[in-house]
Amino acid sequence: MSGRTVVIPHLGRVEGHGGIFVRIEGNRVTQVEMDIFEGSRYYEALLKGKHFQEVQGIITRICAICSASHTVTALQALEEALGVKVSERVHDLRGLLLLGATIESHALHVFALALPDFLGYESVLAMASQYREEVVQALRLKQLGNKIQDLIGGRAVHPVNTLVGGFGKLPRHRELEALAAELEQALPVLDRFVDLAASIPLPQVKPGPTVYVALRPYVEAFRFRGVSLCTSRGEEYPLSAYREVIREFTVEHSHAKHAALEEGTTYMVGSLARLKLWGHYLTGRAKAAFQRLLPDPKDDNPLLNNWAQLVELVHSVERALEICHELLGQPEEPRDLVDYQVRAGRGIGAIEVPRGTLFHEYELDEAGRVVAANVITPTAQNLANLERDLRAGAEAVLVAGNGLSDKELKLRLEMVARAYDPCISCSVHLVRS
Amino acid sequence: MPDRALVVGFGNPLMGDDGAGIAVLEALRSLALPQTVRLVDGGTDASTLARLWDGEPLVVLVDALARGYDPGTLTVLDRLALRELAVNQPHVHALALPACVEWVFLAEPRLGEATVVLVGIEPATVAPTHALSPAVAAAIPQAVRTVLGLLGLPNQAGQEPPRPTKTQDKRSSSEPA
């Protein structure tokens with residue numbers, strides 16, 4: 001049987017590097033492989049032997065876009081290991097930091113990396129020829145996310161104000177008032193982006209039923225801090241069981257580890273998963289956007305993850321505004337930092353970050369040095385499911401259009417891969433020409 | 001030299017030569033530069049330039065720049081050359097620095113009044129390691145001198161500053177360590 005091979009050696013507009021290999025026989029896809037660099041094993045090795053206070057400086061280098069996410073998750077794990085209990089205000093401020101990270105990450109991905117596909121442009125710069133205002137507003141939204149991280153974390157990338165036990169410096173009321181005013185202004189801008197998204201028909205990719213995984217929020221509301229690990233099949237596990245629930249494995253064709261649930265089922269984490277499990281908790285404009293952009297709860301088209309991110313973007317601005325008002329109702333104080341004794345221990349951190357559930361686990365010795373570290377990123381968890389969806393995406397194109405060119409097929413495959421917003425990244429960013 | 005200048009190093013020092021821009025920044029920090037020169041670690045996201053820029057008339061960006069030259073080769077690109085790189089390479093990985101900078105120019109037209117220059121260092125190895133490759137490590141002093149030249153400052157040895165680059169794409173070989 002004659003066959004063809006489609007190779008995308010370098011996946012554009014994905015955070016980091018990725019390559020896709022697809023083998024087709026007739027109208028049948030016989031092989032799909034995606035290879036990326038995913039650096040969590042390297043960083044785990046780097047952390048071993050370091051004092052816990054050095055962890056943040058190293059872990060935030062994993063990724064510019066995800067630095068706040070890694071910081072908050074690492075702090076949660078380290079505090080559990082050290083027996084440190086932080087105040088509700090610290091939880092709120094870390095929540096605000098994560099919302100800033102979500103605004104930044106989703107604005108970059110939805111507007112600059114995914115929208116050009118749907119609107120038929122090669123890049124966000126090409127898109128500016130007809131959608132200049134949208135391109136400008138997209139960067140302003142991303143900057144708003146940076147600004148939140150700057151205010152709460154001490155600087156926009158690689159936060160330094162976030163410490164084990166709390167915050168070395170709290171935002172002043174006048175700073176929170178200024179931030180709240182900017183967040184208010186962002187809401188009508190986001191409404192226009194929701195209108196734009198609603199006008200775009202999504203290509204259909206039907207991979208079959210998908211299992212979604214996300215943390216149960218710590219309160220009955222749409223939140224990124226969670227208390228247990230839930231699946232869309234109705235299972236619920238304590239966070240301490242994450243290593244048994246999530247089975248990591250290596251594959252020959254990839255530098256990155258893949259993951260599946262206990263019995264080998266692949267699964268999806270991220271915005272779409274969170275909305276599938278907890279979208280009913282959304283309120284306000286985010287709820288309206290959710291109902292408009294994702295009306296069918298049974299639709300497993302992975303491209304919907306782009307619109308799910310847009311819904312979360314609206315939620316993040318609304319929730320950040322709520323937290324600002326809550327903090328403005330509290331007395332202004334210079335810092336919120338609890339004392340603690342260094343001790344040996346083990347702790348797990350699990351947070352819903354822009355691309356999905358992020359796990360950090362540390363074991364410390366009596367001196368506070370890292371004896372063992374384990375990091376499982378959302379991208380590593382999504383890879384096996386992404387390969388499944390790439391196969392479905394390729395088959396859908398083959399069935400729909402006889403004689404489709406490799407270029408068209410590649411575009412569809414790239415759209416599926418980008419929908420997962422894989423962050424391989426961050427680690428490598430150099431300029432190529 | 002201009003009234004004020006911003007120098008931003010980009011890169012990830014945990015990924016070998018990807019950290020070349022940060023290495024140059026650290027070397028500049030060890031010098032007694034005038035307070036009118038602001039040195040900033042930009043991490044790996046060049047779109048933060050929009051927030052880092054504070055009206056400085058001169059902005060020097062330093063980053064690893066893979067163009068297929070010998071490792072350690074320095075390339076100086078002005079605004080036009082950067083734009084060309086962004087437009088001609090729309091699919092370069094994620095939003096690479098040239099595309100990010102163009103995006104920033106679209107959203108912040110005031111930045112167009114500043115002179116923006118990229119000093120690129122050709123990498124040899126971009127992989128998980130703390131260390132720069134020998135060729136790139138050897139190129140750091142010359143990169144520092146190049147930045148000082150762009151700033152109109154004398155180099156460490158007190159020599160006259162190199163002439164600011166005016167061509168769109170000027171390459172110079174790195175010096176041995």
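What follows is a chat about salt bridges, aromatic pairs and a strand pairing in a predicted model.

Me: Hi! Is this structure from an experiment or predicted?
Reply: Hi! This is a predicted model.

Me: Good to know. How many salt bridges are there over all chains?
Reply: A search of the whole structure finds 32 salt bridges over all chains.

Me: Let's pick one. Which side chain does Asp195(A) meet in a salt bridge?
Reply: That would be Arg292(A), at 2.7 Å from N to O. The two residues sit in distant parts of the chain, 97 residues apart: Asp195(A) is in helix α7 (residues 173-198) of chain A, and Arg292(A) is in helix α10 (residues 284-293) of chain A.

Me: Is Glu352(A) buried or exposed?
Reply: Buried: the relative accessible area of Glu352(A) is 1%. Arg274(A) counts as buried too, at 2% relative accessibility.

Me: Which residues do salt bridges with shared partners join into one network?
Reply: Arg243(A), Arg346(A), Glu361(A) and Glu363(A) are joined that way.

Me: One more salt bridge, please. What does Arg233(A) meet?
Reply: The side chain of Arg233(A) meets that of Glu235(A), at 3.0 Å from N to O. Arg233(A) is partly exposed at 40% relative accessibility, and Glu235(A) is partly exposed at 23%.

Me: Switching to rings. How many aromatic pairs are there over all chains?
Reply: The count comes to seven aromatic pairs over all chains. One of them is Tyr121(A) with Tyr131(A), an edge-to-face pair with 6.2 Å centre to centre and 85° between the planes.

Me: Where do Tyr121(A) and Tyr131(A) lie?
Reply: Both are in loops of chain A: Tyr121(A) is between α4 (88-119) and α5 (124-127), while Tyr131(A) is between α5 and α6 (132-153). The pair therefore ties together parts that are 10 residues apart in sequence.

Me: Is Tyr121(A) buried or exposed?
Reply: Tyr121(A) is buried, because its relative accessible area is 17% and the cut-off for buried is under 20%. Tyr131(A) is buried as well, with a relative accessible area of 17%.

Me: Which residue lies over the face of Tyr218(A)?
Reply: Arg225(A) does, at 3.7 Å from the ring centre. In chain B, Arg79(B) lies over the face of Phe105(B), at 3.5 Å from the ring centre.

Me: Staying with chain B, why is strand β2 called largely enclosed?
Reply: Four of the five residues of β2 (residues 37-41) of chain B are buried, so the strand is largely enclosed by the rest of the structure.

Me: In what sense does β2(B) pair with β1(B)?
Reply: They pair in the parallel sense, over five bridges, with β1 spanning residues 5-9 of chain B. Gly9(B) stands opposite Asp41(B) in β2(B).

Me: And how does the chain cross from β1(B) to β2(B)?
Reply: The chain passes through helix α1 (residues 20-29) of chain B, and this β-α-β crossover is right-handed.

Definitions and conventions: Residues numbered from 1 in each chain as written. Chains lettered and ligands numbered in written order. Predicted model: local features only at pLDDT ≥ 70, side-chain atom pairs only at ≥ 80, totals over all residues. Heavy atoms only, no water. Buried < 20%, exposed > 50% of the residue type's maximum accessible area, 1.4 Å probe, protein only. Pairing = 2+ DSSP bridges. Right-handed = clockwise from strand over helix to strand, strands pointing away. Salt bridge = Lys/Arg side-chain N within 4 Å of Asp/Glu carboxyl O. Phe/Tyr/Trp six-rings, centres within 6.5 Å; stacked < 30°, edge-to-face > 60°. Lys NZ or Arg CZ within 6 Å of the ring centre and 35° of its normal.
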